[in-house]
Amino acid sequence: MSSHCRASLLVLAVGGLTLAACDREEHHSRSKPIGETVAAGQSPDTIFPGGSQPAPLDARAKLYDNNANAIAQGQQLYSQMNCAGCHAHGGGGMGPALMDNEWRYGGRIDQIAATIAEGRPNGMPAWKGKLTADQIWDLAAYVRTLSGLPSKDSVSSRSESMSTGTPQTLTSHGTIKNSDSAQQ
Amino acid sequence: MKAHRNAPLFLVPMMLCACQYQHYQSDFGGAAVEDRQFLTLFWIFLGVCAFVYVLVVGFLIGGIVRQSRASEAKVVETGRHHESHPLMRSTFIGWATLIGAGLVGLAIASFFADRSMAEAARNAKLSVKVTGNQWWWDITYNSSDPSKTLRTANELHLPVGIPTHIQLQSNDVIHSFWVPSLAGKQDLIPGRDNDITIVPSRAGIFRGPCAEFCGLQHANMSLVVVVESYPDFIKWWDHQLQPAPQPTTSLALAGYHYVTTGPCSACHNIGGTPASGQAAPDLTHIASRKSLAAGMMPMNEGNLYGWVEDPQSLKPGSHMPTIGLEPDQLHGVVAYLETLK
Amino acid sequence: MPVGFASRQPLLGDVMQRVSGAYIVTILCSACAALTACNRSHQQQSGSATVYGSPPSGDHATRPAAASPRDDGNWVMPGKDYASTRFSGLNQITPQNIGKLGLSFTFSTGTTHGYEAPPLVVNGTMYLITPWPNYLYALDLTKPGAPQKWVFKPMPAAASQGVACCGTVNRGAVYDSGKIFFNTLDGQTIAVDANSGKQVWRTQLADIQKGETITMAPLVAGGKVLVGNSGGEMGVRGWLAALDEGSGKLSWRAYHTGPDKDVLIGPRFKPFYPMDRGKDLGVKTWGPDQWKIGGGPMWGWISYDPATKIIYYGTGNPGPWNAEQRPGDNKWATGVFARDVNTGEALWFYQTVPHDLFDHDDINESILADIPWKGGHVPALLRPARDGFFYVIDRRTGQVLSATPYGYMNGYKGVDLKTGRIAFNPDKEPKPGRITRDVCPAAPGMKDWNPSAFSPLTGLVYIAHHNLCEDIAVQQANYISGTPYVGADVKMYGGPGGYRGVVTAWDPIARKAVWEFKEDLPLWSPVLATAGGLIFYGTLDGWFKALDARTGKLLWQFKAGSGIIGQPISYRGPDGRQYVAVVAGVGGWAGGIVDGKLDARDPTAALGFANAVKDLPNKTTPGGMLYVFALPR
């Protein structure tokens with residue numbers, strides 16, 4: 001094979017990779033009005049009497065999950081909206097740990113978004129009046145990174161804001177286990 | 001926003017004579033002691049360098065002319081270069097002395113400029129902290145009486161003739177403080193304390209663009225600097241310390257309720273109301289400011305409507321989300337914000 | 001060629017994996033080795049007392065008779081008496097016979113959150129107040145096995161758990177004139193008839209929407225039930241309220257920030273130091289509006305002098321933790337108040353830490369004692385404070401007589417007794433954008449809420465406290481009501497010496513330790529002193545220990561089913577014998593890693609405490625079990 005051919009193959013490969021990477025970097029800063037679009041009530045339950053099926057994953061999940069921009073925005077909101085005050089940088093405190101891949105109310109991105117939007121009875125506030133749907137999905141995307149769920153290439157190794165926490169890519173995560181409701 | 005469309009038209013006269021553009025943003029503004037120092041230095045450097053340049057070019061031309069005459073005359077060099085012509089020798093000495101003197105002169109000039117700026121920093125009477133954020137400026141005026149500490153955003157007021165020490169910090173990425181008519185540049189670096197001291201010498205309104213690329217909306221991150229007399233400055237400070245006025249009309253009242261309990265209050269602070277967010281610009285007297293969205297557009301009702309309704313169209317990527325306000329909510333919020341004079 | 005090109009990639013990946021695998025194994029091994037080494041050194045340190053001297057032989061601190069009467073065998077308030085001595089006058093159990101101390105009966109509270117409260121014993125009935133959901137149990141001590149008489153369930157809001165900064169704890173109930181008074185996590189004060197278990201009144205005081213909870217034990221003094229709010233990490237505005245004992249109606253409420261009229265500062269207010277004098281300092285020592293969300297709660301201990309009708313208590317930390325955001329002295333947070341119990345009027349105030357940098361709440365106990373001082377006797381407050389100084393304060397004027405560090409510190413340089421002002425160590429001041437390392441004591445202080453005991457027999461104060469340091473990074477905190485308002489990332493770890501906790505027997509007059517008993521884990525348990533010459537306390541991994549009050553020698557220990565952070569008490573049973581009781585149930589800020597299942601891979605979990613007790617989940621599990629001990633018949 002000629003060196004010419006090799007070079008063009010390389011260019012093609014690089015080009016292909018670049019295009020493939022676009023997906024994870026897609027920005028969507030515009031959001032719809034609150035209330036209309038928050039994933040409301042995605043049930044965290046896993047028992048379905050009479051053989052019915054769990055609700056399918058919300059169609060918007062793929063816009064946010066594994067999206068580097070959404071995760072970075074979510075990370076900044078995580079500290080600005082004081083999530084870190086209760087959940088620390090994933091280890092928990094007033095609120096439960098988020099890095100242990102144990103989900104009381106479901107670990108799917110739409111279930112996490114529902115938890116943030118609707119709140120939960122043991123002290124999790126309902127954020128739907130304070131944040132837009134877009135922001136809530138960004139946060140949900142980031143929260144999943146604390147348990148190492150999204151692919152590593154979409155997670156920033158550097159925090160958007162000043163923090164003493166360990167960079168996401170350096171945090172050691174336990175093996176991902178299929179807990180009841182977290183469907184990978 | 002007309003100015004933007006016509007910007008290329010302005011460019012030509014600006015380049016020809018920057019000083020004609022009211023010194024809104026000009027290195028030749030000379031509106032502060034620092035900028036004057038720079039300007040003086042600039043003229044000295046320009047003068048010295050121009051003089052030397054003219055000499056060099058003159059000699060060069062002279063040399064060329066001489067060379068061509070010599071070649072015309074078919075004069076062959078004799079190769080006695082080691083026996084320098086006495087005139088040549090003194091010319092060389094003179095040339096070296098001239099360059100030496102020029103360099104020493106420049107060094108002395110910059111040394112004194114530097115000294116006088118350091119001197120101003122030592123005598124600072126006012127202390128301000130400017131924190132860079134993506135993409136706005138957080139400004140805190142320190143006071144020995146903590147209850148007079150003032151927090152505002154995007155509009156820096158400075159008193160004429162008072163040396164003002166400005167602490168520069170950043171919350172996210174590197175920004176740079178640069179008000180060409182007054183002083184700068186100085187970077188705002190996360191995790192590091194930088195500072196700059198300014199002694200404004202005349203009143204006026206100046207623009208300070210962020211001078212270090214800081215992300216998507218870097219171009220729309222600028223600072224409005226208002227230099228005013230000391231009494232005016234104190235009046236401004238006292239006024240800014242006042243809590244937000246109570247809304248009087250029913251429309252503004254509806255807006256007040258929305259702003260102080262809705263999503264706005266999660267990030268913004270409005271003095272004297274329950275809205276105490278600290279993550280975004282302080283809105284207590286937003287309507288008294290000259291610009292909106294960090295120097296992006298002039299403050300007026302139309303721009304307020306546009307900004308509140310859909311900031312992501314005007315400044316995509318900014319941390320102010322498009323909330324999707326209903327029309328009556330929007331009217332209320334704008335009516336309330338307009339009362340925050 | 002494409003084949004070769006393709007096959008090279010996985011090879012490289014393989015090598016990388018192997019390299020990183022080996023790297024991880026190496027790191028793990030060295031970490032294990034380091035951990036074992038650490039554990040070994042901890043064990044070497046703990047288990048024996050270091051004796052520096054003997055208890056004072058001549059004139060020493062004594063308890064005021066009015067505030068600390070003779071022991072009647074009951075235990076009606078957490079502090080034992082108004083002087084907060086936590087000293088039992090019972091002396092059947094002694095260093096000689098404690099070896100025979102055995103379990104008498106147990107009771108499971110059915111809760112598994114941090115249990116910080118003492119049992120109360122009133123005339124043959126024992127009362128237990130659990131953490132959220134704040135069940136109140138009455139046990140009949142007259143019958144064998146102490147069966148349950150009744151249980152009162154106040155049904156506090158579940159959402160209140162989400163605004164309780166450091167565990168859903170409750171620090172105790174109090175008994176007075178036929179009623180039991182206690183607070184619920186969601187901010188109510190409730191009076192229950194001690195015989196029937198029926199509610200007498202309930203008053204809603206705190207608002208969880210603002211981040212307020214109530215975790216403290218009330219104090220009933222002068223016909224008033226005194227209650228304060230918690231929430232210094234939530235941007236609350238701190239207060240202390242007095243309810244009428246009979247009706248539960250609000251009698252007065254004194255705020256700890258804001259204008260003088262809200263703080264109940266009037267003409268009778270005479271602080272000793274000029275720094276605490278001036279008009280409306282609760283507004284002027286803050287940035288504009290910051291006092292409204294500035295903290296200064298009251299979730300600790302109040303003492304009362306019945307002779308003068310004055311209460312003494314300290315106020316909590318100003319918020320947020322990031323001190324850059326609150327220029328000024330931040331009054332009246334982090335200081336000690338003396339107030340008239342009838343009107344709430346402030347009489348004096350001393351600000352222990354103006355412009356607090358490290359979350360050093362000053363809510364610790366104020367022990368009332370009469371001390372020999374310069375030839376005379378002075379009525380004093382003995383305060384082992386969170387900032388690490390042991391304060392001896394003249395309780396008539398608020399003058400600091402002495403302030404001495406009772407453990408290792410580097411965050412402060414000392415206290416100027418002329419001006420009363422504490423001096424910070426400038427090297428350790430947290431600044432935004434950088435990490436300040438090795439600050440001692442850490443945020444929970446030299447000692448947190450867990451009160452010490454004072455024995456009038458030895459004149460010593462027995463302090464179970466920490467030896468913790470921290471790294472701290474501060475950043476802009478955002479205020480959203482009902483959410484945390486902290487602005488700091490903290491990571492705590494053991495201080496110098498290789499131990500994390502220590503029991504110190506402190507001589508407040510000579511200003512030195514008489515003995516120290518080092519513990520591997522931080523100490524979150526209150527202390528009980530008895531007239532038999534014993535000290536009781538518990539450890540986070542569940543050991544309940546008895547030391548000799550004079551020498552610190554370990555005389556007896558018992559391993560409970562869960563870590564102990566509850567207060568031990570001693571009472572005389574209906575059979576005339578002396579009993580010792582404690583509830584084991586790990587939790588609170590220190591034990592949250594166990595009962596809250598926190599993840600210590602994040603060193604900032606539990607506001608940084610999880611990192612200091614990483615090993616705790618391997619040593620104990622959540623619980624809520626009462627243990628009562630007695631000598632064999």
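How many bridges join S3(C) to strand S39 of chain C, and do these strands run parallel or antiparallel? In this predicted model, six bridges link S3(C) to strand S39 (residues 625–630) of chain C, and the two run antiparallel. Within this pairing, C:Gly102 lies opposite C:Ala630 in S39(C). Both strands belong to an open sheet of four strands in chain C, in the order S3-S39-S38-S37 and with antiparallel pairing. The edges of the sheet are formed by strand S3 (102–108) and strand S37 (569–572) of chain C, each of which pairs on one side only. From one strand to the next, the twist averages 25 degrees. In general, strands of a sheet pair through backbone hydrogen bonds, either parallel or antiparallel.

Elsewhere in chain C, C:Leu534 is located in strand S34 (residues 534–538). C:Leu534 is buried, because 25 other C-beta atoms lie within 10 Å, where a count of 20 or more is required for that class. When neighbours within four places in sequence are left aside, the contacts of C:Leu534 are C:Ile93, C:Pro95, C:Ile98, C:Ala546 and C:Ala549. C:Arg237 is 297 residues from C:Leu534 along the chain, and the C-alpha atoms of these two residues are separated by 41 Å.

Chain C also touches chain A. The contact involves 34 residues of chain C and 30 residues of chain A. On the side of chain C that touches chain A, the elements giving two or more residues are strand S29 (468–474) and strand S30 (488–494) of chain C. By class, this side of chain C has 17 nonpolar, 10 polar and seven charged residues.

Chain B contains nine helices and 12 strands. Of the 341 residues in chain B, 36% are buried. Among the contacts in chain B between residues at least 6 apart in sequence, 65% join residues at least 24 apart.

One of the strands of chain B, S5 (residues 164–170), is mostly covered, with five of its seven residues buried. S5(B) pairs with strand S1 (residues 126–133) of chain B through seven bridges, and these two strands run parallel. In S1(B), B:Gly132 stands opposite B:Ser170 of S5(B). S5(B) also pairs with strand S8 (residues 194–198) of chain B, here in the antiparallel sense and over five bridges. In this second pairing, B:Leu168 is placed opposite B:Asn194 in S8(B).

Two helices of chain B, H6 (residues 250–261) and H9 (residues 327–339), pack at an angle of about 95 degrees, and their axes are 7 Å apart. Angles of 65 to 115 degrees count as roughly perpendicular, and H6(B) and H9(B) are therefore roughly perpendicular to each other. On the H6(B) side, the residues that meet H9(B) are B:Leu251, B:Ala252, B:Ala254, B:Gly255, B:Tyr256, B:Tyr258 and B:Val259. Their counterparts in H9(B) are B:Gln329, B:His331, B:Gly332, B:Val333, B:Ala335, B:Tyr336 and B:Thr339. By class, the contact of H6(B) with H9(B) has nine nonpolar and five polar residues, and no charged residues.

How values were computed:
Residues numbered from 1 in each chain as written. Chains lettered and ligands numbered in written order. Predicted model: local features only at pLDDT ≥ 70, side-chain atom pairs only at ≥ 80, totals over all residues. Pairing = 2+ DSSP bridges. Axes fitted to C-alpha atoms, helices over the stretch in contact; angles between N-to-C directions. Parallel < 35°, antiparallel > 145°, perpendicular 65-115°, else oblique. Contact = placed C-beta atoms within 7 Å. Nonpolar A, V, L, I, M, F, W, Y, C, P; charged D, E, K, R; others polar. Buried ≥ 20, exposed ≤ 12 C-beta atoms within 10 Å, placed from the backbone.
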